[in-house]
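Me: I have a protein model open and want to get my bearings. Can we go through it piece by piece?

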Amino acid sequence: MEDVNLNKINLVIKWSGKEFKLNDFDTNNTVLLLKQAIQNVTGVLPERQKLLNVKFRGKPADDTVVISTLNLKDGFKIMMMGSLEESIAQINTPQEPNDVVNDLDLPDEELTVDNSIYISKIEKRIATYKIDILNPPRDNKYLIVLDIDYTIFDHRSTAEQPVELMRPYLHEFLTTLYPYYDIMFWSATSMKWILEKLKLLGVTNHPDYKIVCHLDSAAMISVSSSSPKHELVDVKPLQVIWGKFPQYSPTNTVMLDDIRHNFLMNKQSGLRIRAFRQAHFNRYKDKELFFLAKYLKYIAKKHIDLTTLNHRKWESFISHAKDLDQILYGEEDLTANTTSQNENSNNTTAED
Ligand SMILES: [Mg+2]
């Protein structure tokens with residue numbers, strides 16, 4: 001019996017801030033078999049794993065190396081990096097099939113939904129969906145509700161570091177807007193993954209802005225769309241947030257999402273952001289958040305009622321705003337500046 005035990009080792013896999021036990025691993029096995037065992041506990045495919053401190057003769061041990069030659073001590077902690085893609089696939093959330101529909105990009109432009117049918121569904125969400133307040137809402141702020149996947153994070157590409165998949169300017173964007181906007185995230189995944197992703201991206205405890213709360217797929221509702229087949233689509237009804245936080249309303253709320261039909265029940269408040277995909281190609285090019293920060297800051301500094309805007313035209317809006325730099329970088333508080341309010345009305349009219 002003891003001979004058998006000599007060939008076994010207990011290992012700990014450290015990955016994504018968590019530890020996974022791998023007990024009684026046979027040291028006659030190769031690194032490849034070790035990776036397969038790690039896959040069983042973490043869901044990360046062997047080819048996506050990088051075992052940082054598993055070295056053979058000073059170099060990362062390749063797949064054919066036998067574990068016993070590595071002289072690992074019992075209880076050894078293996079530091080692993082692996083792509084989020086595989087871990088997300090492992091969870092297999094109910095949203096995954098929906099994601100396929102999203103990729104087909106339904107002609108959302110024409111879709112509508114009869115909100116009145118869903119009032120009771122919304123009320124149920126307001127009554128039963130529990131929100132953890134991380135940081136209390138502040139007085140007189142606008143609200144920005146951000147999607148995560150493809151909006152601030154390319155969840156389908158793989159990378160050694162999650163931050164490589166982060167949309168450029170994310171922290172600058174949130175830092176710029178934080179004085180004017182309360183911030184929430186709403187993602188069609190589970191809360192577990194929302195928390196994990198935002199932590200990995202350095203959003204959770206960022207020193208320059210704070211997040212009010214997160215909402216996950218359980219706060220969404222399925223609605224029958226006006227499409228010919230009346231497909232069910234999952235939407236993110238802002239009415240849930242407005243019901244829970246009376247200080248927010250269509251006049252001061254904007255929702256950013258790469259999928260237009262997510263704001264089917266509140267089209268006016270939705271701003272469709274271009275999807276951030278292929279992070280490795282785009283992370284040095286994509287400036288969407290850089291320019292959106294200007295748009296949203298401008299709106300807030302001029303105290304514009306968001307129901308007067310058409311977010312589809314946000315780019316032309318800022319390119320036509322003659323006082324853009326003055327408003328963005330000027331020091332004066334425009335709270336009581338009626339002139340600028342009038343100018344704003346003219347501008348929005350000219351846009352239409
Ligand atoms: Mg998305």
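Me: Which residue is the bridge partner of L11 in strand 2?
Reply: L22 is the bridge partner of L11 in strand 2. Strands here are DSSP E runs of at least two residues, and helices are H or I runs of at least four, numbered from the N terminus. This is a predicted model: local features need pLDDT of at least 70, side-chain atom pairs count only at pLDDT 80 or more, and totals for chains, interfaces and linings use all residues. Residues are numbered from 1 along each chain as its sequence is written.

Me: How many bridges join strand 1 to strand 2?
Reply: 7 bridges, and the two strands run antiparallel. Two strands pair if DSSP finds at least two bridges between them. The hairpin of strand 1 and strand 2 has 2 residues between the strands, and S16 takes a positive phi near 55° there.

Me: What about strand 1 and strand 6, parallel or antiparallel?
Reply: Parallel, with 4 bridges joining strand 1 to strand 6 (residues 76-81). K14 stands opposite M79 in strand 6.

Me: Which residues of strand 1 are on the covered face?
Reply: I9, L11, I13 and W15. The uncovered face has K8, N10, V12 and K14. In a regular strand the side chains alternate between the two faces of the sheet.

Me: Which residue is the bridge partner of W186 in strand 9?
Reply: L215. Strand 8 and strand 9 are joined by 3 bridges.

Me: How many of the residues of helix 10 are buried?
Reply: 10 of 14. Buried means 20 or more other C-beta atoms within 10 Å of a residue's own; exposed means 12 or fewer, partly exposed is in between, and C-beta atoms are placed from the backbone. Among the buried residues are L289, L292 and Y295. The cover includes strand 7 (142-146), helix 6 (170-177) and helix 11 (314-320).

Me: At what angle do helix 6 and helix 10 cross?
Reply: Roughly 5°, with the axes coming within 9 Å. That makes helix 6 roughly parallel to helix 10. Angles under 35 degrees count as roughly parallel, over 145 as roughly antiparallel, 65 to 115 as roughly perpendicular and the rest as oblique.

Me: Which residues of helix 6 make the contact?
Reply: L170, E172, F173, T176 and L177. They meet L289, L292, A293, L296 and K297 of helix 10. Contact means C-beta atoms, placed from the backbone, within 7 Å.

Me: Last one. Where is S227 found?
Reply: In the loop between strand 10 (221-224) and strand 11 (232-235). S227 is partly exposed, with 15 other C-beta atoms within 10 Å. S227 and V113 are 114 residues apart in sequence, but 9.4 Å apart in space, C-alpha to C-alpha.

Methods: Two residues are in contact if their C-beta atoms, placed from the backbone, lie within 7 Å. Axes are lines fitted to C-alpha atoms, for helices over the stretch in contact, and angles run from 0 to 180 degrees between N-to-C directions.
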